[in-house]
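Good morning, and thank you for making time for this presentation.

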Amino acid sequence: MAYTKSVPRIWRERIRKYRLLGGVCNDCGKVFYPSRRFCPRCGSGNVNKVTLPRTGKILYFTVIRNAPTEFKSFEPYILALIELDNGARILAQLTDIDLEEVYEGMPVEAVFRKYKEQGRDGVIEYGIKFRPRE
Amino acid sequence: MSINAAIVGYGVYLPVYRIKDVEIAKVWGRDVRRVPIKEKTVPGPDEDSLTMAFEASLNALRRAKIPPIEIEAVFVGSESPPYAVKPSATVIAEALGATPKLYAVDMEFACRAGTTAMGIVIGMVSSGIIKYGLAIGTDTAQGRPGDELDYTAAAGAAAYIFSNPGKDTIATVEGTYSYVTDTPDFWRREGETFPRHTFRFTGEPAYFTHIIGAAKGLMEKMGLKPSDFNHVVFHQPNVKFPLRVAKMLGFTMEQIKYGLLTGEIGNTYAAASPIGLANILDHAKPGERVLIVSFGSGSGSDAISFIVQDGIESRRHLAPYVEYYIKRKKYVNYSTYAKFRNLLKMR
């Protein structure tokens with residue numbers, strides 16, 4: 001619990017959670033999220049940071065019906081593996097959507113939303129989620 | 001010193017959820033024929049004034065076509081910030097990628113803070129302190145359940161990027177005027193969930209006096225009359241007030257038609273007149289003159305006059321129109337609305 005309520009953690013993670021900042025490998029061409037120092041596919045250190053596109057489609061999804069305490073107020077909600085337009089994959093929560101609407105291949109767009117609150121008097125965590133794209 | 005500033009980008013955001021006033025009236029036993037507006041926007045459970053401000057700002061950046069790092073000021077006008085202490089401006093700026101060389105602050109003046117943020121950015125751009133500045137009006141307005149405000153208090157955001165006039169300018173700032181007195185028509189005390197208002201007192205000494213004071217003040221200062229403007233937008237707590245004040249000042253229905261959106265989306269508070277202005281820009285032609293007059297309880301009004309420029313034609317399609325957000329909707333019933341707005345007591 002101490003970890004999930006950590007303020008330094010959300011401060012450290014703020015850029016990657018807020019900005020869809022990914023990486024591109026100059027050796028094998030892999031585009032990935034979040035940005036990191038080494039390519040997750042070929043291990044090359046020859047990677048650049050890149051701002052990822054805000055649109056993509058759902059590859060797979062699952063419905064969370066028994067959520068961790070801090071996400072209780074959002075349940076049931078959908079977690080999806082999303083492939084962005086340039087091929088980068090990101091696991092994210094869906095929002096503005098009813099359970100019966102979701103399907104594999106659904107076009108989605110990134111939005112900036114509230115993830116959770118660290119209690120009534122704690123900090124509020126924000127970041128990227130995805131919603132259906134008209 | 002003369003004003004040397006122009007809108008180079010603008011954007012809005014409205015949540016997808018709506019509740020019809022008839023649905024609210026049924027819950028509280030009010031005559032469904034006597035509701036103030038048709039429907040209002042409802043923020044989703046993971047939305048607040050900060051997240052909506054980000055989306056509107058992203059749309060403004062799309063139209064401004066500048067890298068976010070060039071933004072040197074982020075001023076957020078809102079009366080519903082997620083924190084009592086801790087600025088929204090820093091989170092929005094960080095998410096946009098505009099930090100750290102930045103002037104940033106949250107501002108509160110009820111429904112008026114959005115246009116006041118615009119006025120300050122206009123001043124900073126004109127003086128040469130900054131090159132690009134972002135002014136935001138955003139609110140997830142609170143209404144006590146069953147109160148008159150429950151029927152109108154809505155959610156939305158509008159963002160404007162100002163810079164010195166250039167070749168792709170959307171609208172130049174022609175003049176500004178501010179009119180302020182201590183008139184306590186509406187307030188919310190520290191720690192209180194819902195605001196209080198003084199019913200009819202909100203009209204004459206507050207809304208009408210300040211809007212008329214600012215509009216007339218600007219027109220006298222600039223040597224302009226109502227017929228010199230092609231479009232006008234007033235703060236819109238309901239549909240009745242802006243129509244009445246337009247008539248009192250001598251504006252026509254034709255001038256007010258694009259700016260008046262309350263009937264469809266509700267009162268978005270600090271975003272209300274800025275969203276109306278955005279809808280005007282979505283439709284305006286180069287050379288047209290536009291007047292925005294806000295009102296914030298407490299009380300005060302800002303009047304700003306703009307001349308639409310050629311840049312509007314190549315920029316407006318770069319982000320969704322206001323109409324897109326108005327048409328994009330999902331209705332919720334009062335129970336879901338109560339859940340989304342945290343009106344249910346959980347412990």
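I begin with a definition: the expected span of a helix is 1.5 Å times one less than its number of residues. Helices (H or I, at least four residues) and strands (E, at least two) are DSSP runs, numbered from the N terminus. This is a predicted model, in which local features need pLDDT of at least 70 and side-chain atom pairs count only at pLDDT 80 or more, while totals for chains, interfaces and linings use all residues. Residues are numbered from 1 along each chain as its sequence is written, and chains are lettered from A and ligands numbered from 1 in the order in which they are written.

Let us take helix H9 of chain B, residues 272-283. H9(B) has 12 residues and reaches 17 Å from its first C-alpha to its last, close to the 16 Å expected at 1.5 Å a residue. A residue is called buried if 20 or more other C-beta atoms, placed from the backbone, lie within 10 Å of its own. Why is H9(B) described as largely enclosed by the rest of the structure? The reason is that 10 of its 12 residues are buried; among them are B:Ala272, B:Pro274, B:Gly276 and B:Leu281.

Next comes the sheet of chain B. Two strands pair if DSSP finds at least two bridges between them. An open sheet of 9 strands has the order E5-E4-E6-E7-E1-E8-E13-E12-E11 in chain B, with mixed pairing. Strands E5 (103-107) and E11 (231-234) of chain B are at its edges with a single partner strand each, so one side of each lacks a neighbour in the sheet. Direction ignored, neighbouring strands of this sheet are turned by 20° against each other on average. Strand E4 (71-77) of chain B pairs with E5(B) in the parallel sense over 5 bridges, and B:Val76 has B:Asp106 as its bridge partner in E5(B).

For directions, axes are lines fitted to C-alpha atoms, for helices over the stretch in contact, and angles run from 0 to 180 degrees between N-to-C directions. Two residues are in contact if their C-beta atoms, placed from the backbone, lie within 7 Å. H9(B) lies across E1, E6, E7, E8, E11 and E12 of chain B, at about 160° to E11(B).

How is chain B divided? Its domain 1 covers 6-169 + 332-340 and its domain 2 covers 171-312, the bounds coming from an automatic or database domain assignment. The centres of these domains of chain B, taken over C-alpha atoms, are separated by 16 Å. In chain B, 43 residues of domain 1 are in contact with 42 residues of domain 2. On the side of domain 1 of chain B that touches domain 2, H4(B) gives the most, with 7 residues.

I turn now to chain A. Its open sheet of 5 strands has the order E6-E5-E4-E7-E8, with antiparallel pairing. Strand E6 (89-93) and E8 of chain A are at the edges, each with a single partner strand, so one side of each has no neighbour in the sheet. Strand E5 (77-84) of chain A runs antiparallel to E6(A), joined to it by 5 bridges. In E6(A), A:Ala92 stands opposite A:Ala80.

Finally, where do the chains meet? In total, 15 residues of chain A are in contact with 15 residues of chain B. E7(A) provides the largest share of the side of chain A that touches chain B, 4 residues.
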